[in-house]
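Here's a quick tour of a protein, written for anyone just getting started with structures. Have a look at the picture, then read on.

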Amino acid sequence: MEVLDTRGLVALRAVADAGSVAAAATRLDWSQPTVNHHLANLERALGATLIERTPRGSHPTTVGSLVVTRAVEILGLADRLVDEVALWRDSQAVPVKIGAVPTVGARVIPLLHHELQKRPRWQVGDDASATVLGAALDVTMDEHAKLVSRLEAGDLDLALLVSTDVDKVWIPPSLTARKLYSEQLFLCVPKAVGPVPIDPHGLPDFAALVTQSWAFSIDPGDAIDEVIRAFCLAAGFEPRVGMRMDDYAAINRMIAAGLAIAMIPESSLPTDPEIEIVPMPLSAARRDVLLVSRAPQLGPRQKSARHDPIVAAHSAAVAEVVADVRTVTAVWR
């Protein structure tokens with residue numbers, strides 16, 4: 001098979017996203033004949049029809065959808081390669097791409113960066129052509145589902161994710177999750193709502209909150225939201241979602257103003273005197289912080305492959321970041 005030209009993959013992805021060759025050409029700042037040319041070359045190289053053209057636009061065929069999925073991975077890795085070589089060339093650093101849900105990232109990443117600065121650099125190569133390297137963080141803050149997708153695609157090395165049940169969190173088989181620490185959860189309500197009754201087990205009476213509006217996350221699968229929903233359903237009602245946001249500082253202001261109630265993790269607790277804070281027993285509700293990575297897949301061929309200094313350097317950099325993540329989070333265990 002002939003070598004694939006990535007311009008065909010770029011064209012196919014653009015058509016899939018834009019819905020037509022004309023719109024793809026505009027998006028790419030190419031001419032329509034150029035888009036068609038690269039699509040035709042890609043179809044010829046793969047021996048399959050990838051685009052179905054109709055009067056209402058163009059969309060991938062079944063096999064075209066498969067190629068689009070792979071194109072996203074390939075082009076993402078190509079972009080990453082450019083960034084990594086530039087970092088290697090300019091600062092002799094090995095980038096480690098780490099993602100985090102914002103509330104955890106804001107707490108952990110600054111400490112992680114500081115810890116990495118204290119680490120000595122290491123040497124790659126023999127004495128004559130040795131290169132002195134260090135690890136550098138490339139940080140992405142995003143929603144849980146998007147970070148998982150980027151890990152699966154190889155666009156991230158590691159991610160700091162959260163779960164309210166480490167045994168049930170959705171982690172694909174291609175990824176490995178390790179628990180770092182747990183955070184206590186707190187029910188936060190406006191003082192005007194009045195004291196929330198507490199049962200003998202230390203749990204607040206959620207039935208007393210049936211008329212209240214909750215602040216939920218933008219992420220539809222947010223772990224804390226699922227805890228709230230479970231407690232409310234057990235009390236006989238579906239929680240009323242009054243707003244969606246992921247900025248806990250903003251959520252706390254909304255609570256103080258009497259506009260919402262929420263479940264807040266320990267790291268983001270408010271200090272406003274207008275908010276009543278009710279601790280949830282750890283045995284009933286908690287938020288686990290997880291370090292998630294791509295699961296190693298070492299087959300016989302990989303085990304016997306020749307030593308690759310670039311791969312070795314990247315593996316060493318990831319190992320350093322993992323070690324420092326454990327160091328900076330140990331205080332919360």
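What percentage of the 333 residues in the protein is buried? The answer is 41%. Keep in mind as you read that this is a predicted model.

**The whole protein**

- If you count up the secondary structure, you get 10 helices and 12 strands.
- Take the contacts between residues at least 6 apart in sequence: 72% of them join residues at least 24 apart.

- Look for helix α1, which covers residues 6-18, and helix α3, which covers residues 32-46.
- These two pack with their axes 8 Å apart, at an angle of about 110°.
- Because an angle of 65 to 115 degrees counts as roughly perpendicular, α1 is described as roughly perpendicular to α3.
- The way α1 passes α3 is a left-handed crossing.
- On the α1 side, the residues that meet α3 are Arg7, Gly8, Leu9, Ala11, Leu12 and Val15.
- On the α3 side, their partners are Val35, His38, Leu39 and Leu42.
- Sorted by class, this contact of α1 with α3 has 7 nonpolar, 2 polar and 1 charged residues.

**Asp29, a residue in a loop**

- You'll find Asp29 in the loop between α2 (21-28) and α3.
- Asp29 isn't a glycine, yet it has a positive phi of about 60°.
- Is Asp29 buried or exposed? Its relative accessibility is 70%, so Asp29 counts as exposed, given that the cut-off for exposed is over 50%.

**Arg240, a residue in a strand**

- Arg240 sits in strand β9, which spans residues 240-244.
- With a relative accessibility of 47%, Arg240 counts as partly exposed, because that category falls between the under 20% of buried and the over 50% of exposed.
- Which residues does Arg240 contact, once you leave aside its neighbours within four places in sequence? They are Thr211, Gln212, Ser213 and Trp214.

Notes. Residues are numbered from 1 along each chain as its sequence is written. This is a predicted model: local features need pLDDT of at least 70, side-chain atom pairs count only at pLDDT 80 or more; totals for chains, interfaces and linings use all residues. Side-chain values use heavy atoms; hydrogens and water are left out. Helices (H or I, at least four residues) and strands (E, at least two) are DSSP runs, numbered from the N terminus. Buried means under 20% relative accessible area, exposed over 50%, partly exposed in between (1.4 Å probe, protein chains only). Contact means heavy atoms within 4.5 Å. Axes are lines fitted to C-alpha atoms, for helices over the stretch in contact, and angles run from 0 to 180 degrees between N-to-C directions. Angles under 35 degrees count as roughly parallel, over 145 as roughly antiparallel, 65 to 115 as roughly perpendicular and the rest as oblique. A crossing is left-handed if the near helix is turned anticlockwise from the far one by less than a right angle, and right-handed if clockwise. Ala, Val, Leu, Ile, Met, Phe, Trp, Tyr, Cys and Pro count as nonpolar, Asp, Glu, Lys and Arg as charged, and the others, Gly among them, as polar.
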